[in-house]
Protein chains: 2
Amino acid sequence: MLRRAANPARTPRTASFVPLIQREIERMIGTGELTGGTRVNESTLALRLGISRGPVREACRALEQIGLLRSELNRGFFVREVSTKEALDLYDIRAGLFGTAGRLAAAIVTTVQLRGLEELIGEMDAAIEAPDIATFYTLNNEFHRQVVVASDNDKLIELYPLLEAELHLFRRRGLVLPGSMRTSNDEHKAILDALRQGDCTAAARLLERHILAGKARFLRTLEDDSATDARRGPLDPRHLRSKDR
Amino acid sequence: MLRRAANPARTPRTASFVPLIQREIERMIGTGELTGGTRVNESTLALRLGISRGPVREACRALEQIGLLRSELNRGFFVREVSTKEALDLYDIRAGLFGTAGRLAAAIVTTVQLRGLEELIGEMDAAIEAPDIATFYTLNNEFHRQVVVASDNDKLIELYPLLEAELHLFRRRGLVLPGSMRTSNDEHKAILDALRQGDCTAAARLLERHILAGKARFLRTLEDDSATDARRGPLDPRHLRSKDR
DNA sequence: CGGCCACGAACTGTCAACAATTTTTGGAGA
DNA sequence: TCTCCAAAAATTGTTGACAGTTCGTGGCCG
């Protein structure tokens, strides 16, 4: 929580409030403290953080650009809700970018990085045995992140987490199916092999398919949900237009 | 130019100033009115647009997020300069995304859209004959845009132009080599064929390679420049780490 | 003549206030 | 009791002002 108790002076000027507020709101969204569709009350938030509305508005404007908030004229900022169509779109984009990351990484990945990925795979195996879904989820994210970092493409390293964050705004969480963890980690192992051998084409293909497989699993959970939970109604047929491959 | 002369009332409230300012700054950057590295003076800009600094700051904060501006504490906002490394990184990202666009588009592209692409290719041929580099440049951009639109991936349609805009911040413009126009349009024809046949894999591969070919041409112009214009010094060896394919 | 420091101007970061708009509340009428 | 409407409250969009920082200038000292 942001407190200015330790700094009664008017303006610290050693750091701007805006990035702090931005990260704070991101955190609130991440933890579910702010849930999709809810309105961000500028005054309340400013009061709670002990600052005025100006910096809060700037932070919200920044968050609007990266897709975490949306604005309505004279009504302020709202936490974005990601539709099923958008979530599926994001999977396709992530697939393309992740494939690119693999193509780049395979050419320049270091042995240290390879060892790191190997360790993560081992820990994921352990999490599968436990079974510990939460830990697997974290490790899986870290594996993806490290692959992107290995690409040494700074723009990609910057862009990829934004897409992940936006995907997390999809209304239903916990998209990791217990049964799919083993399959997923097998894919990780194949990816590691391709990276180790410096096979750019294979790495790109495997990583792209890894995300698209995730998309397929995601689609399946959606269908399951709409079957068991009839209140939500049938799936929008538009979703089926996004063909895989 | 934004003027409020027609609206002397204090607050119109039929639209927020922020998006208008944002687009105005984008335009100024696009036309080169604001060039890379220059400082964005909030007071001056606000005065010129006839509004106060608040909305200007919000617009700048938004532009910071999409990579057109950067901020320094107590020094304000500056027009970003895109380094050679970043430009090359952007080419790789665009290649991956463009390939994704092609994979998606091939499955659902309409005959109307195909006809539109075909016409653009024809016009580009004419521009090559003229020769009219500026027109070719515009048509080429439009061709790329239409392929992305054909993917029907809204997030991609939103994301792709941002990357284009950022690439335009690279310090040297006019990266279209006269000699490469014909090659480039030949690639367009192959892409159109793949799309017409609904061949997702071929379309993805061709589009990805089309951008990577652009990256290769880009690299060549850099080398030419550094050879003829020795004052800039030799290329940073890091650039060579981004291997193609 | 050159470097250093102090002073003033310019500018940023933040705040408090105001007007316009939206939302809520309360009650009158059917 | 429910619906509709008007007034009050709450909230946003914008503004002008203030404090602190950075930048530029000129004088002083070596």
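Of the 26 residues around DNA strand C, those that come nearest are A:Phe17, A:Ile51, A:Ser52, B:Arg13 and B:Gly76; a residue is near a strand if its C-beta atom, placed from the backbone, lies within 6 Å of it. The structure is a predicted model, in which local features need pLDDT of at least 70 and side-chain atom pairs count only at pLDDT 80 or more, while totals for chains, interfaces and linings use all residues. Residues are numbered from 1 along each chain as its sequence is written, and chains are lettered from A and ligands numbered from 1 in the order in which they are written.

Both protein chains take part in the surface near DNA strand C. At least two residues each are supplied by α1 (17-31) and α3 of chain A and by α2 (42-49) and α3 (53-65) of chain B. Helices (H or I, at least four residues) and strands (E, at least two) are DSSP runs, numbered from the N terminus. By class, this surface holds 6 nonpolar, 12 polar and 8 charged residues. Here Ala, Val, Leu, Ile, Met, Phe, Trp, Tyr, Cys and Pro count as nonpolar, Asp, Glu, Lys and Arg as charged, and the others, Gly among them, as polar.

Turning to the protein-protein interface, 38 residues of chain A are in contact with 38 residues of chain B, two residues being in contact if their C-beta atoms, placed from the backbone, lie within 7 Å. On the chain A side, α3 (53-65), α4 (84-108) and α7 (154-167) each give two or more residues. The largest share, 13 residues, comes from α4(A). This side of chain A is made up of 15 nonpolar, 9 polar and 14 charged residues.

Two packed helices are described by the angle between their axes and the distance between the axes. For α3(A) and α3(B), the angle is about 35° and the axes are 8 Å apart; axes are lines fitted to C-alpha atoms, for helices over the stretch in contact, and angles run from 0 to 180 degrees between N-to-C directions. The crossing of α3(A) and α3(B) is right-handed, that is, the near helix is turned clockwise from the far one by less than a right angle. From α3(A), the contact involves A:Gly54, A:Arg57, A:Glu58, A:Arg61, A:Ala62, A:Glu64 and A:Gln65, and from α3(B) it involves B:Gly54, B:Arg57, B:Glu58, B:Arg61, B:Ala62, B:Glu64 and B:Gln65.

The fold of chain A comprises 9 helices and 3 strands, arranged from the N terminus as α-β-α-α-β-β-α-α-α-α-α-α. Of its 245 residues, 33% are buried, a term that requires 20 or more other C-beta atoms within 10 Å of the residue's own, with exposed meaning 12 or fewer and partly exposed in between, and with C-beta atoms placed from the backbone. Among the contacts of chain A with a separation of 6 or more, 73% are between residues 24 or more positions apart.

The strands of chain A form an open sheet with the order β1-β3-β2 and antiparallel pairing; strands pair if DSSP finds at least two bridges between them. β1 (39-40) and β2 (69-72) of chain A each have a single partner strand, so one side of each is left without a neighbour in the sheet. β1(A) is joined to β3 (residues 76-79) by 2 bridges, with A:Arg39 partnered by A:Phe78. β2(A) is joined to β3(A) by 4 bridges, and A:Glu72 stands opposite A:Gly76. The hairpin of β2(A) and β3(A) has 3 residues between the strands, and there A:Asn74 takes a positive phi near 65°. α3(A) lies across β1, β2 and β3 of chain A, at about 110° to β2(A).

Chain B also has an open sheet of 3 strands in the order β1-β3-β2, paired antiparallel. In β3(B), B:Phe77 is the bridge partner of B:Val40.

Some backbone details complete the picture. A cis peptide bond, with omega about -10°, joins A:Ala130 and A:Pro131, and A:Pro131 is found in the loop between α5 (111-129) and α6 (133-150) of chain A. A:Asp152, in the loop between α6 and α7 of chain A, has a positive phi of about 60° although it is not a glycine. A:Asp152 is buried because 20 other C-beta atoms lie within 10 Å.
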